[in-house]
Amino acid sequence: MKMQKTVMFDLDGTVLDTLPDLALSANYALKSLGFPEQTTEQVRMAIGHGIRNLLRDLMKCEDVEILEKCRSIFQEYYNKNKALTTRPYSGILELLKYLKSKDCKIILISNKYDGATQELVTQFFGDIFDGVYGSRDGIAPKPDRAIFDFVCEKDAIEKDNIIYIGDSEVDCEFARNCNMRFIGVSWGFRKREQLEQCGAERIADSVKELKKYLDIMLAR
């Protein structure tokens, strides 16, 4: 029996450039509560662990009630403004189509809350993914493997021979926790040096290079 080939992707900084819209929404929420606005670079470096952690790190605040209020303001604003400048990285859609032509199952797993994840993926990629999963209550987010186990059970995915593609140390650790092979991409929210420091053995600097790595790894 032929083994199913599965490639999983992160969202922010991997298939979609969402940074300007995230920074805009984060600063709107911060300003609304009297906290200082942050630079785009500060927002970039705080992204990866979900919205609550993003806002906590930007606010430098541990007050649960204030954080929840900020999250609510952020989410309401982001829901209306999440695609002002957000776009797929050049060549990503073509790569996804290529993988589908090779009978690969392609799955997206993000720490962005599930509602926004579903809407952005549908808007920019239609139904090309075989499964799309954002952060949801009751399931620990990346880098915990809980969301991986949930997805594999729900979509009947064999856990062997899976490749995960992401742009951050969170994604690298997630892949390691789930025994997935990992390819880091340097065009996202972390620099190549940071991916190297977290142990990424393969780092693609372009979609063309990512395709080359995938061809090699999927042939095994």
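**Pockets, cavities and the sheet**

Good morning. I begin with the second largest cavity, whose lining divides into 5 nonpolar, 4 polar and 2 charged residues. In this count Ala, Val, Leu, Ile, Met, Phe, Trp, Tyr, Cys and Pro are nonpolar, Asp, Glu, Lys and Arg are charged, and the others, Gly among them, are polar. A cavity here is a set of points, on a 1 Å grid over the protein atoms alone, where a 1.4 Å probe fits but cannot get out, and lining residues have an atom within 4 Å of a point.

The structure before you is a predicted model, in which local features need pLDDT of at least 70 and side-chain atom pairs count only at pLDDT 80 or more, while totals for chains, interfaces and linings use all residues. Residues are numbered from 1 along each chain as its sequence is written, and side-chain values use heavy atoms, with hydrogens and water left out.

The second largest cavity has a volume of about 40 Å³. A volume is the space filled by probe spheres set on the grid points, which are joined across faces, edges and corners. Its lining includes Ile109, Ser110 and Asn111, together with Gly134, Ser135 and Arg136. Strands (E, at least two residues) and helices (H or I, at least four) are DSSP runs, numbered from the N terminus.

How are β4 and β5 joined? They run parallel and are connected by 4 bridges; Ile109, for instance, has Tyr133 in β5 as its bridge partner. Both strands belong to an open sheet of 6 strands, paired in parallel in the order β5-β4-β1-β6-β7-β8. Strands are taken as paired if DSSP finds at least two bridges between them. Because β5 (131–135) and β8 (203–204) stand at the edges with a single partner strand each, one side of each has no neighbour in the sheet.

I turn to the largest cavity. The search of the whole structure gives 2 cavities of 30 Å³ or more, and the largest has a volume of about 200 Å³. Which residues lie nearest its centre? Of the 18 residues in its lining, they are Asp12, Ile47, Gly48, His49 and Asn111. The lining of the largest cavity comprises 5 nonpolar, 6 polar and 7 charged residues, and its largest share, 3 residues, comes from β4.

Next come the pockets. A pocket is an open set of points with protein on both sides within 12 Å along at least five of seven lines. The largest pocket has a volume of about 310 Å³. Among its 16 lining residues, Ile51, Arg52, Tyr113, Ser135 and Asp137 are the closest to the centre. At least two lining residues come from each of α3 (51–59), α4 (64–81) and β4 (104–113). By class, the lining of the largest pocket has 4 nonpolar, 6 polar and 6 charged residues.

The second largest pocket has a volume of about 170 Å³. Its lining includes Cys172, Ala175 and Arg176, as well as Arg181 and Phe182. Both α8 (169–177) and β7 (181–185) supply at least two residues of that lining, and α8 provides the largest share, 3 residues. The lining of the second largest pocket divides into 5 nonpolar, 1 polar and 4 charged residues.

Thank you for your attention.
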